Every structure is written in C-alpha cells, then in structure tokens.
Amino acid sequence: MNFRIDSVVLHHVRMRLKAPFETSFGVELDRDCVILEVRSEGLTGWGECVAGSFPGYSYETTDTAWHILKDFLIPAVFEAPLASPADLTTRYGAYKGHPLARAGLELALWDLQGLASRRSLADILGVDRQSVPVGVSVGIQPTAAVLLDTVQAYVDQGYPRVKLKIKPGRDIEEVTLVQGAFPWLPLQVDANSAYSLDQAPVFEEMDELGLLLIEQPLGEDDLLDHSLLQARLRTPLCLDESIQSLRHARQALEIDACRVINIKQARVGGLTEAIAVHDLCLAHGVPVWCGGMLETGVGRAANLALAGLPGFQLPGDVSASDRYYAQDIAEPAFHLAQDGTIEIPTGPGLGINVLKDELAAVTLRKEVLRM
Ligand code: OSB
Ligand code: MG
C-alpha cells in the first residue's frame, strides 16, 4: 500500500488534568501535547506526540517536537509516497533523536493504514485479546492522608494494581503506609530516575516489601548501574526512560539491568520499534507492560491495541479516560470493566472519532503544512 501524504495539521493542545500529577521531575497541572492530523487521499489519520511543556521526563518538549516535525520529519514524508509506517525509519535517514516527535507522526500513519484497509490497529498487529488488564499510576501526593484517600478511590473504582511515584525522602514510608492499608493490593513504584547507585540501601529496604517491580530508580543513561543495583535485589527492576530503542533493550537484558520492561511506543520512536522491543522480550521470556504518558484518547487507543500483544503480561498504565480528563478530545471514552480490564478499540485504524469542537477548545496553536 502506498500513502501519498497531502497535508499535515499540527495542533498544540493543552488539557487540564483532573488532578495535578506530581513525579520526581515535577508537577503537571496541564498536559501539553501535539495532535497530528494527517491527510492522505481523502482519509485523515490521527497521531499524538506526547512531548510535554518542559524537559522533565524527556529532553523533548512540545515546542522542540513541533520544530522537528515541521522542519524535518513532515517535509521528509512529503517527498514521496510511503509504503508503510515502518518506512518512516529509512525516510528519516540520518536525523537523530526526537523519538516522541517521530512516534506521533508514525501513529497517524498506522491510523491511516487501518482506515485504508478497514482493519483495526489491533487486528493489523495480530492481537487476539478483546481487552487488557490495567492499573493506575498515582502521583506523589501532598500528605499521607491524601495519598491513602487517592488510592482508596482508585481501589473503589476497581483498579487491580497501583503504581506509586516515589522520590528521595518520599519513598519507603509512603509505600509501607499504602501497603499497610491495602495489604492485598499489588503495588509497584516508579522513581523516574531520581536516585543514584549510592542510594542502593533505600532499594535494599524496599526489597523486603515484595513489590511487583521497581521502575527506573536510576538515571536514564545508567544502564550499568541498574545492573549493579539489580544484582543486590530480588525485586525485578523495570526500565522506562533507559529503553529508547531495540538496541537499548537488548543491551539491558544482556547485562541484567532489568527483569521487566515498560514499553511506551512514544519513547522508542513509534509502534514499529515498540513491537520489536516486545518481540525481543517475548523471545527472552521477559515480561513487558504498557506504560503511559497521560495520553488523550488518541494515544490511549494505540496503547490499548499495543497492550494486546502476548508479551504484555503485567497490567498497563493505561487507565480509563475519566482518570485523566473531564473532557477528552476523542470518543469513545475508555471505561474500566468490573474485571479490571479495558476493551481494545475495534473500529478501523485507532478506532476513535476526534471531536473537532473539543479539540478546537483546547488548541493553543494550529498550523497546516502542505506538500
Ligand atoms: O514514568 O511512567 C512514567 C506519566 C508521564 C510521564 C512519565 C510517566 C507517567 C506515568 C503516568 O506514570 C502513566 C499514565 O497513566 O499515563
Ligand atoms: Mg515511568
């Protein structure tokens, strides 16, 4: 199949989160992202670039992604028709980095491919599940009481696993508190790279708590130190920020830097690379799960399809739409079912319908780029 891309509309959107989301790298009240509307021969594919307003999780921001998309990646797709989303890798040629920008554009091409062939993304990926188990990621809370209330509310909604964000000074005590209040609740933690190897004793203490996993305790470029830390723990380490490519995944597994991988299609530069990381982990018997970036309904639809692949053996950070936003920019909204799962969309492509009025209402800036 050949896609001639006629135009791309970039939308810089800012969505108010239902509650501030605090991690070791900062607090977000609003979620900024770039929504991509890609037109090809009468069809419109949608993508989402999850780069946020500040370089906290990644060096990319909404503005750097806008620049890279507008001045390099989009001109490259205008050059000649593309045979498939995977074709982008060669089309981008020698351009370095900026995986979040790449992934946003790639996603719109997957949507287009699905629309053109009248197949859902899940179907194209070969997914045979109808729904996926999910959990919820809980930000650092202002007080212990608020933390317990927040977790209680998610437990009441039916989330079967909770991830707690931690940072130095806000770790063991809070995890122990939650575990004491909900002893049956599967828990995991995410440090977003806030520690260094000389703080290993914190994790040795945490090792006694029987957590599902410890996510990204050390720096993004500290693969070796993660391996040294993993050797001192029974709890599996899980890497997020450190795994930006298939090569990183292979090297991490080779040196036992982690025993679980959080897969985010955005972080590895798109679904094609995400699937490659998944396949590698499946072949090595290493469990993966689908991470999240507080996506709108556009990115969330893709995460649900991806999380249907067989290697996704742990609940994902793909929570229901109402965990994030009072009003999303796409329908249908995704709901948490009684069994702690969310259904994978079945419509063609991403299986969503972008709500033009809702999108316009949260758009700060919009630009149309033509071939
Ligand atoms: O580290 O997994 C992370 C959100 C934004 C940036 C980084 C992370 C997160 C989350 C939230 O943990 C996951 C979600 O519910 O989308
Ligand atoms: Mg993480």
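The space taken by ligand 1 is the largest cavity of this predicted model. A cavity is a set of points, on a 1 Å grid over the protein atoms alone, where a 1.4 Å probe fits but cannot get out; a molecule sits in one if more than half of its atoms lie within 2 Å of its grid points. Local features need pLDDT of at least 70 and side-chain atom pairs 80 or more, while totals for chains, interfaces and linings use all residues; side-chain values use heavy atoms, without hydrogens and water. Residues are numbered from 1 along each chain as written, and chains are lettered from A and ligands numbered from 1 in the order written.

**Surroundings of ligand 1**
- Ligand 1 is surrounded by 15 residues, the closest being S137, D190, N192, L294 and Y324 (near means a heavy atom within 4 Å).
- This shell comprises five nonpolar, three polar and seven charged residues (Asp, Glu, Lys and Arg count as charged; Ala, Val, Leu, Ile, Met, Phe, Trp, Tyr, Cys and Pro as nonpolar; the others, Gly among them, as polar).

**Polar contacts of ligand 1**
- A polar side-chain atom of Y324 lies 2.6 Å from a ligand 1 oxygen, and one of N192 lies 2.7 Å from a ligand 1 oxygen (a polar contact is a pair of N or O atoms within 3.5 Å).
- For L294, a polar backbone atom is 2.8 Å from an oxygen atom of ligand 1.
- The protein covers 99% of the 390 Å² of accessible area that ligand 1 has on its own (Shrake-Rupley method, 1.4 Å probe).

**Magnesium ion**
- D190 (OD), E215 (OE) and D240 (OD) coordinate the magnesium ion (ligand 2) at 2.1 to 2.3 Å (donors are N, O and S atoms within 2.8 Å of the metal, or 3.2 Å for Na, K and Ca).
- D190 lies in strand β7 (residues 187-190) and D240 in the loop between β9 (237-239) and α9 (246-254), so the pair ties together parts 50 residues apart in sequence (DSSP runs: helices, H or I, at least four residues; strands, E, at least two).

Technical notes
Polar contact = N/O pair within 3.5 Å; in protein donor to acceptor, adjacent residues only side chain to side chain. 1 Å grid on protein atoms, 1.4 Å probe; cavity = no way out; pocket = protein on both sides within 12 Å on 5 of 7 lines; lining within 4 Å.
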